[in-house]
Amino acid sequence: MCLGSCKQNNQKALFKQVENSNIQFTNTLVESPEFNVFKYRNFYNGGGVAIGDLNNDGLPEVFFTANQGANKLYLNKGNLQFEDISEKTGFGNKKQWSTGVVFVDINADGWLDIYVCNAGNMLDKPLRKNQLYINNHNLSFTEEAAKYGLDNDGYSTQASFFDYDLDGDLDCFLVNNSPIPVNTLNYANMRSIPDAEAPFAPFLKGGGDHLFKNDNGHFVDVTKEAGIHGSIISFGLGVTVGDINQDGYPDVYVSNDFFEKDYLYINQKNGTFKDEIEQRMQHISFSSMGADMQDINNDGKPDIFTTDMLPGDDYRLKTNTSFEGYDIFKLKQNQGFYNQFTQNALQVNNGEGKFLESAFYSGVAASDWSWGALMFDANNDGLADIFVCNGIYRDVTDQDFIDFFANDIVKQMALTGKKEEVGNVIDKMPSVPIPNKAFQNRGNLKFSDEGMNWGFDKPTFSNGASYADLDNDGDLDLIISNVNQPALVYQNNSREQSKTNYIALSLKYKAPNTFAIGSTVKIFHGKDIIYRELMPSKGFQSSVDYKLTIGLGKMQPDSMQIIWPDRSISTILKPAINQLYSIDYATASAKQMKQVMQVPIPTYFTALKMPFEKHTEDDYVDFYAERNIPFMLSKQGPKAAVADVNGDGLDDIYIGGALQQAGQLYLQTASGFVKKTVTDFSKYAFNDVTVAFFFDCDQDGDKDLFTGGGGNFSPASADIYQNTIFLNDGKGNFSLKAGALPISHTNCGAAIPLDYDGDGKLDLFIGSRSEPQNYGVAPHSFLYHNEGNGVFKETTEQVAPSIAQLGMITSAKWCDINGDKK
């Protein structure tokens, strides 16, 4: 019964592996003493896949890059049958270490050409030159990269062609990845130093991003002038392009491996870019691999997904993952590497040019050692799903190998004096294939892991992947490149299984951008907008088909817009479904997009320049004393209080300080705020001010000050966690009231004044957030009776003993809950 059930489930899988497609490509890697992962860090990064119609017959061809063998080109014969035409088209054996690939009509003749990125060959620079194969219109190609200025000889990963300056032609953005050592953080000041000027041996140079401007058919490097990071620490693995902020100009996202932060280049509309990732994203992936840009919630705005190396199961999490200590994390932050975490990142566009990261909430944060990231509608329901390529041929981060075997080798060499053969060391690295992942978009930013159910149950070492409607049946099929395993071809069965609708578009634009790169298609249905940008370079080292196949589910669209690269719009009302639209800009009805007046958004508040001093936290790290504390309680930020403290009718401001930082009092005048020096504020700055408010504690008609003593930098037994009362003389002069409150030995979380006994004097409730350096234990909270003259006496046990163990208090309010007017 089990076998029958499994067979039945496999037959109903959304994707079915095509066993007899005649695609027989394997990206074979052979390690040798001369060239291996110890000599070349990116040895196992794998190859890419490009899909596109190279002979203009309506069927897309498939191109694979090989690291050590021949690149392969397969002719689409229809019905998911392919022919290997590599040899007769000029793609025979080679010495180049090929990585990324993209199809692009570089010479505007209406035929797609092939651009191949190369890396490896650390001591043979000419073999690293990228290659451009010009289509001869007869399934033969001529290599002409040098003629076009695109024979970059760095360690290239991938390229994307698009019109960044909207001058009508295609420019090129290239990401490179230098093999410099990454076991040090001594590169903090190198982001602005061009790769060529870096203090490294010549054979290590060849990193950095590059922007090439198309100057009448020849590409000129304008990296520095355009504001692009061309440094040796730009460990680019992915590049994805789209209009992030909806201003009509393409922006660029680069995913960087290792310690360097990713880059989000916002087009400044003047030929330059500005890296604004820290202004637009709160945190990012740590070792970012592949990247893709797609609208996942049908709001008409592109979102971004990046892959990392976080396993989803506990076993591989413990055996293959190590996390940096907090000190390293802070060091990276301080050196400008920003907020990076080991996780896939799903950056959701909020429509205002900024992003909210939702990967854990969405269920897509962990997928293991991941490479290719593709966001496409796998089940044709109108929502973009996520596909992730997984696996590395050698688990170079296996903790047992690192902690035990590697140490044993060192000891053995020390005892025998003999150097261990590198092949023996490599052979001891675990080699564990893992299945690829597919996350179904359930709407509302939620995804479910459907990899196994959709047919991706084969353990692999997958890297690059690409999608296209290979059989022209209205859904997107998938091709995956593997290391030391045959490539996989998957047929999409969504149309057959669910009878979903689709619209396909083949766009033709004016030369030199003949294939309409940068065009946007919007399909409207009620409040939903299905949004697709035509940018073929996606995922990891790969390029997708130019024909847009857009799933609709069961919907019947209200209208469809094609926004051309010149920002003109062609509109089709009530578009017919389940058919291919071949739309030529020359004959289409296109109206120029009207310039929308930028109406200033009304604001309720205006930022004013103030003389307030910067709040500075101390360097204490809670995690050293408490390994399981979820966040630091010693860095809760400044607390403030407002009142008219000098009786002039203007509100003044008190801002509490951190440990050894005095609180500040700012008196308001007709011309602004002026700092007033209060000696006792400086004298008694022995803990964090975690609560602050003004109240009349001594019934003299002015506002006195309460400050809550908190922090987490010493144990509770230390006599330093002191709540304080500062009495006001009515003129804004404050002095400490000694003995007003006893030492609490707790971290103050909340405090409020209240008259619980109706005697006309304000008493105090003080709620404790935690017991210092013992997080999780319920701290003692307090009720204090005002004895007059600014002195308070604890009455918790006598008046309200239950208050003592309320828990970990963060806020409190005095109010009448049961309606008895008390």
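Residues are numbered from 1 along each chain as its sequence is written, and side-chain values use heavy atoms, with hydrogens and water left out. Because the model is predicted, local features need pLDDT of at least 70 and side-chain atom pairs count only at pLDDT 80 or more, whereas totals for chains, interfaces and linings use all residues.

The structure holds zero disulfides, a disulfide being a pair of cysteine sulfur atoms within 2.5 Å. For C117, the nearest cysteine sulfur is that of C172, 7.6 Å away, and C117 is buried, at a relative accessible area of 0% (buried means under 20% relative accessible area, exposed over 50% and partly exposed in between, with a 1.4 Å probe and protein chains only).

Across the whole structure, 50 aromatic pairs are found, where rings of Phe, Tyr and Trp (its six-membered ring) pair if their centres lie within 6.5 Å, and planes under 30 degrees apart count as stacked, over 60 as edge-to-face and the rest as tilted. One of them joins F259 and F337 edge-to-face, at 5.2 Å centre to centre and 65° between the planes; F259 is buried at 3% relative accessible area, and F337 is buried at 0%.

Ring pairs also link F35, Y40, F43, Y44, W97, Y155, Y393 and F461 into a cluster. Over the face of Y155 lies R128, 4.1 Å from the ring centre, while the charged end of K446 sits over the ring of Y361, 3.8 Å from its centre; such a charge requires NZ of Lys or CZ of Arg within 6 Å of the ring centre and within 35 degrees of the ring normal.
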